[in-house]
Amino acid sequence: MSEQEVQPLAPRRQTRQILVGKVPVGGDAPITVQSMTKTDTRDVEATVNQIYGYANAGCEIVRVSVPTKKAGEVFHEICDRSPIPVVADIHFDYRLALVAADGGAACLRINPGNIGGQDRVKAVVDKAGSLGIPIRIGVNGGSLEKDLLDRFGTATPEAMVESALRHIDVLEREGFHDIKVSLKASDVIRTVQAYRLLAKQVDYPFHLGITEAGTPFGGTIRSSVGMGILLAEGLGDTIRVSLTGEGEDECRVGHEMLRSLALRSGGFRMVSCPSCGRVQIDLNRVANEIEEGLKLINHENITYAVMGCVVNGPGEAKDADLGVAGGAGEGLIYRKGELIRKVKEEDLVPAFLEEARKVKAEADAAKA
């Protein structure tokens, strides 16, 4: 079954829409994938190169930390050269937010509570408002205000929501409403509960994430479970998978998460079996080599199946747009349910990719 035939599990939560550069967030806009650069922002070349790598992996909005005056001085160069909108990540020094806004930031990520009094918040809000720049309020369970920690005992979902409402009120008092909000904890349950609570009280778009989720293995699981629950309930307008690893992987995981819930299309979907004692081909090799080859073909909105035996293999292969079912040292290739080729195991990968290229060429010709 092609992925476009599957419908989301729940209607999207209705939110107001903001613009991050030219990318709409919230309302009826597609859920966007974000990441954050891991370079020293002062190194413009390395930062811009990393952003291009992220964009090629599917990143649509990128966040860049602006922690120092020197980083602020070169921030405009990064914005000028970035292929996607750049969010300036600001803490403590409100003057850096002003510099970043003038330097081309498409959004400011701040905690109004840690940049000073209302006069400093007003300066940032006035600047953002005059330039049409939205502000993301980023509440993090690891850096909650001391009075809230004293009152609630720890960073509970209720404490995180109160922090968000407090920061929202600071901006609203200045007449500013181009806001998106994140409520991130490092564990799934608190994060899910916090977003659910806040969704009942405001209509601002949500940026989802499990903060400091971990290394690629554990972090991908925690991010997928936490954000998967919220996305399946219709919550979330933009997402960031936070991994201790490569930013490109964050982007790929984010896109796959959205596609698995029928919230985005694009790219290809590959179904493959986990292997068992019935398999009589080198399934791991075949599946991985086919997947790498399909990345180069870059065919969108299509389902491929790579199956290892005659039990589920023929059915899954027939159900895919293009599929292969392994047998005793050979494989059967199906297209749209029809058997088109029977090839030896050593020829499976090139034969399958040859058929995938035909599918791609025919799709391109149909579009033309």
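Eight strands make up an open sheet with parallel pairing, in the order β8-β7-β6-β5-β4-β3-β10-β9. Two strands are taken to pair if DSSP finds at least two bridges between them; the strands themselves (E, at least two residues) and the helices (H or I, at least four) are DSSP runs, numbered from the N terminus. At the edges of this sheet stand β8 (179-184) and β9 (207-208), each of which pairs on one side only.

Let me state the basis of these values. This is a predicted model, in which local features need pLDDT of at least 70 and side-chain atom pairs count only at pLDDT 80 or more, while totals for chains, interfaces and linings use all residues. Residues are numbered from 1 along each chain as its sequence is written, and side-chain values use heavy atoms, with hydrogens and water left out.

Within the parallel sheet, β5 (residues 86-89) and β6 (residues 107-110) are joined in the parallel sense by 3 bridges. Ala88 has Leu108 in β6 as its bridge partner. Helix α6 (residues 157-172) packs on the sheet, where it touches β7 (135-140) and β8, and its direction makes about 155° with that of β7. Contact here means heavy atoms within 4.5 Å. The angles run from 0 to 180 degrees between N-to-C directions, and the axes are lines fitted to C-alpha atoms, for helices over the stretch in contact. Helix α7 (residues 188-199) lies across β8 and β9 and runs at about 145° to β8.

Which residues does Val124 touch, leaving aside those up to four places away in sequence? They are Tyr94, Ala97, Leu98, Leu108, Ile110, Ile115 and Ile135. Val124 itself belongs to helix α4 (residues 118-131). Val124 is buried, because its relative accessible area is 1%; buried means under 20% relative accessible area, exposed means over 50%, and partly exposed is in between, with a 1.4 Å probe and protein chains only. From Val124 to Gln14 the separation is 110 residues in sequence and 28 Å in space, C-alpha to C-alpha.

I turn now to the other sheet.

Strands β11 (residues 268-272) and β12 (residues 302-307) run parallel and are joined by 5 bridges. The chain passes from β11 through helix α10 (residues 283-297) to β12, and this β-α-β crossover is left-handed. For the convention, a crossover is right-handed if, with the strands pointing away from the viewer, the path from the first strand over the helix to the second runs clockwise.

β13 (residues 322-326) and β14 (residues 330-335) pair in the antiparallel sense over 5 bridges, with Gly323 opposite Tyr334 in β14. These two strands form a hairpin with 3 residues between them, and Gly329 in its turn has a positive phi of about 70°. β14 and β15 also pair in the antiparallel sense, over 6 bridges, and Ile333 has Arg341 in β15 as its bridge partner. Their hairpin leaves 2 residues between the strands, and Lys336 in the turn has a positive phi of about 50°.

Finally, the cysteines. A search of the whole structure finds 0 disulfides, a disulfide being a pair of cysteine sulfur atoms within 2.5 Å. For Cys79, the nearest cysteine sulfur is that of Cys107, 12 Å away. For Cys251, the nearest is that of Cys59, at 4.1 Å. Cys251 is buried, with a relative accessible area of 0%.
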